[in-house]
Amino acid sequence: MRPEDQERILTEVESRVVSHSVTARDAGGHGLDEVLAESIYHETRRLKDESDSKPARADRAFWREVRGRLNRANEREQRELLGRVVSRYAAEICGNFDDRVYRLSTTVLPPALGVLLNAVSPRKLLGGLDGAARLDEAVVVQGEVEHLRALHERGTVILCPTHVSNLDSPVLGFAIYQMGLPPFVYGAGLNLFSNPMLSFFMHNLGAYTVDRKKKDPLYKEVLKTYAGLTLEYGYDNLFFPGGTRARSGAIERRLKLGLLGTSISAYVHNLERKAANPNVYIVPATLSFQLVLEAETLIDDFMKEVGKSRYIITDDEFSKPRRIWDFASRLFGLDSKIFVTISRGFDPFGNPVTDDGVSLDPRGRSIDTSRYVLVDGAPALLPQRDVEYTAEVGRRLGEAFSRDNVVQSTHVTARVIFSLLRKENADVGLVRLIRVGGSRDDLELRAVYRETDRLLDELRGLSSRGGIRLGPTVSSGSAEEVVDDGLRHFAIYHDSPAAQRRGDRVFATDRMLLFYYQNRLEGYRLERTAGLTPALDAQHASLGTAA
Amino acid sequence: MSATIAILGGGRLAQAVAAILEPTGAEVRMWARRPAARRTLQKKLTHTTVADSVHDAAADAAMVFFAVPASGLREVAAEYGDCARGDQLVLHATRGVESGFRLPHAVIRAETCVRKVGVLGGPLHFKDLTSGRPLAAVLASRFDETAQWVRRLTQKTPVRVHPSRDVIGVEIAGIISNVSALAVGMVDALGLGDTARGVILTRGLLEASRLGEALGAEPSTFAGLAGVGDLIPRKVAATERHHKVGELLAGGETLAKALEAVRGEVEGVLAAAEAVRIAELRGLDLPLVHTIDMVLHGEAEAAAAIEDVLRLDLDLGGGLSARM
């Protein structure tokens with residue numbers, strides 16, 4: 001980001017958030033003192049659990065001062081104090097320099113830091129590592145790449161990927177680099193900044209910091225305002241609409257649309273100031289991995305009782321550099337592909353757009369989208385209306401994710417074995433089957449091949465109708481090849497493979513992992529032909545309750 | 001209010017809406033498909049402009065009202081789609097479905113760029129207008145500004161608009177009420193009395209709720225004005241047509257003859273068939289709708305079939321959506 005833009009954006013974040021708080025107060029909402037009191041409450045609570053560090057000490061001192069001044073502040077002083085808090089939050093969000101990263105980088109990884117600072121190509125960076133195939137061969141960027149490039153020229157793009165793993169960020173950073181696009185602005189969790197291996201990619205993503213431990217509503221408003229302003233300044237953004245990594249392994253269907261709503265506010269503000277390129281485009285990207293680095297932790301978290309699962313996980317496989325290294329080298333050693341599929345984009349109202357950035361109605365007629373945001377003849381924000389528009393975008397994203405999901409051999413193999421296990425143990429409840437197992441955990445290999453053959457037929461039919469995408473082995477391989485490839489992948493990374501072949505039988509050695517990988521094919525009604533009910537219901541509630 | 005309002009359709013509903021809007025100060029432009037109908041309307045309506053095309057009626061309108069039956073909705077919506085704008089509010093009061101149980105709001109959405117689509121439901125006893133009694137209606141739209149705007153528009157009229165966000169629920173309540181009207185016609189022709197009438201109407205509502213919930217409606221909608229509030233069959237031509245068809249069928253008439261006798265759209269016939277189909281797909285139990293569909297198509301005899309439905313347990317425990 002250009003420094004002059006950064007400065008202007010910071011100033012504007014402060015003025016917008018403060019004036020929004022004042023307007024809300026004047027309309028009968030919380031007083032500024034109440035807004036500040038809530039900030040103090042949330043931050044003091046958070047800091048209680050923070051270990052002693054320089055930033056934590058500075059934070060504590062800051063909030064002590066705010067508390068002291070608030071007690072005797074008049075209205076003008078409250079406003080000034082609010083401005084200081086907003087400004088502090090904003091500075092923290094956009095300053096992506098992390099003290100921990102810096103220390104680690106300078107002491108443990110000086111050569112890597114040198115490489116990063118010189119911004120050499122990731123090809124060279126990874127090409128020199130033993131055992132790892134070249135990243136550009138492993139990451140397949142496909143789909144509507146030209147369309148994305150065209151939209152980038154016509155307006156501001158929000159790339160919305162599915163979220164499976166913390167490795168999504170570097171993969172996307174690489175994909176953006178490979179597509180020849182400039183860095184996308186991206187809100188990354190603090191834990192990503194603390195991993196020095198990712199620094200290069202974070203640079204490529206133009207990352208800013210999101211501290212998910214901060215629960216203060218004011219902090220969240222500052223975040224949204226900051227993201228919205230970067231869009232208004234023409235910086236392409238990357239939002240993960242799932243909010244967090246999909247715990248179940250399934251394609252996300254319930255999306256968090258709060259941040260996505262900034263597409264409308266940015267568009268309205270662009271229209272108000274008669275910007276040359278006011279349009280904002282939302283482009284879905286679906287990621288597909290054969291294996292997922294954090295699969296064990298994620299599915300374990302999913303299976304926890306509702307309310308006990310963690311929104312933030314900091315101690316998973318991603319926090320262990322050695323584990324990432326093993327994962328990447330073994331995955332690429334099998335010539336495995338990571339697919340990044342770009343879908344066609346739409347406007348902030350969910351209408352499809354042409355390469356020229358023109359919005360179309362369902363019959364292909366062009367639309368003047370500025371009409372959607374008129375209030376008494378002028379563009380304006382209307383929160384309830386805009387939430388509905390964004391909900392439409394959420395539906396379009398869900399459809400694109402479902403259509404552009406690339407099925408790989410691990411998904412098919414897990415699906416087949418898990419379905420056969422369910423049938424073999426029809427009298428055992430799903431949760432019990434996953435946790436404890438049924439009366440039989442092994443299957444005849446021939447039965448696995450037969451069921452794979454049937455499922456492949458169905459998937460290939462669905463794919464020919466544009467309902468899903470297939471990876472190379474699933475697309476043209478025989479049932480035997482698909483199962484063998486799936487089992488080979490399971491064997492190379494996880495502590496306990498999801499399934500193993502012994503002679504002419506297949507053993508479900510980790511049912512949780514099988515469940516995780518098979519979930520990638522949930523939501524396509526494939527279970528109906530297998531005579532089963534969905535393993536995941538719409539809310540995933542039945543599992544949580546039963547667990 | 002100085003807004004322009006387009007009414008697409010020239011039938012009784014369209015004329016009733018034009019009459020309601022007369023004191024609002026809005027400019028009302030009406031369009032009817034047949035030129036002869038337009039000429040008649042031109043002579044009959046003094047405060048309404050009759051437009052020669054959908055474009056002339058709707059292009060500059062702030063609100064567009066569809067007063068057409070489900071069978072003609074797609075065609076008119078497609079024509080309107082040529083001039084539709086994203087800031088326009090669109091209302092309809094269609095109580096029918098397309099094949100595939102495609103709901104009216106989905107048809108309008110599929111043919112146009114508009115988002116702010118609303119449905120009018122509830123009793124809408126237009127004949128009360130002549131006696132000066134207020135009319136009550138539910139206006140369901142995902143966009144709050146739709147109901148707010150219509151409330152402002154109708155504040156000087158006898159219409160009381162109650163807002164809701166449950167478009168699907170209000171549509172399904174209206175659609176299944178037509179099927180119930182067919183059933184009540186049969187009950188009346190068979191002389192089964194008011195108790196049977198009450199049971200059938202309650203069952204119709206229960207099944208509407210069950211179907212609605214499966215398709216994403218709020219169960220509470222069926223306990224409100226669009227559901228319970230609409231239980232007493234409306235004194236409007238469409239409902240009376242359904243009632244009459246029910247009576248004729250119970251009297252031994254064939255569907256073709258019964259439809260011929262009433263002249264006009266009887267949307268409940270297709271609605272029953274489509275509801276049965278979607279219920280089968282989704283594993284829903286809709287015995288009244290299923291029975292009416294069978295009687296309509298000569299697969300069951302009305303008297304015995306209605307008696308069978310009356311004998312079923314009407315379990316409302318746990319709310320209208322309770323499973324049986």
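## Packing of two helices in chain A

In this predicted model, helix α20 (residues 445-464) of chain A packs against helix α22 (residues 479-492) of chain A at an angle of about 105 degrees, with the axes 8 Å apart; helices here are DSSP runs of H or I with at least four residues, numbered from the N terminus, and axes are lines fitted to C-alpha atoms over the stretch in contact, with angles running from 0 to 180 degrees between N-to-C directions. α20(A) and α22(A) are therefore roughly perpendicular to each other, the class that covers 65 to 115 degrees.

The contact (heavy atoms within 4.5 Å) involves V448(A), Y449(A), T452(A), D453(A) and L456(A) of α20(A), together with A479(A), E480(A), V482(A), V483(A) and D484(A) of α22(A).

## Interface of chains A and B

Chain A and chain B bury about 1,600 Å² between them, 43% of it on carbon and sulfur atoms, where buried area is the accessible area (1.4 Å probe) lost on putting the two parts together, summed over both. In chain A, the residues that lose the most area to chain B are R365(A), R371(A) and Q384(A), together 34% of what that side buries.

Five salt bridges are found across this interface, each a side-chain nitrogen of Lys or Arg within 4 Å of a carboxyl oxygen of Asp or Glu; R371(A) forms a salt bridge with D87(B), with the closest N and O atoms 3.4 Å apart.

## Basis of the values

Residues are numbered from 1 along each chain as its sequence is written, and chains are lettered from A in the order in which they are written. Local features need pLDDT of at least 70 and side-chain atom pairs count only at pLDDT 80 or more, whereas totals for chains, interfaces and linings use all residues, and side-chain values use heavy atoms, leaving out hydrogens and water.

Note on methods. Angles under 35 degrees count as roughly parallel, over 145 as roughly antiparallel, 65 to 115 as roughly perpendicular and the rest as oblique.
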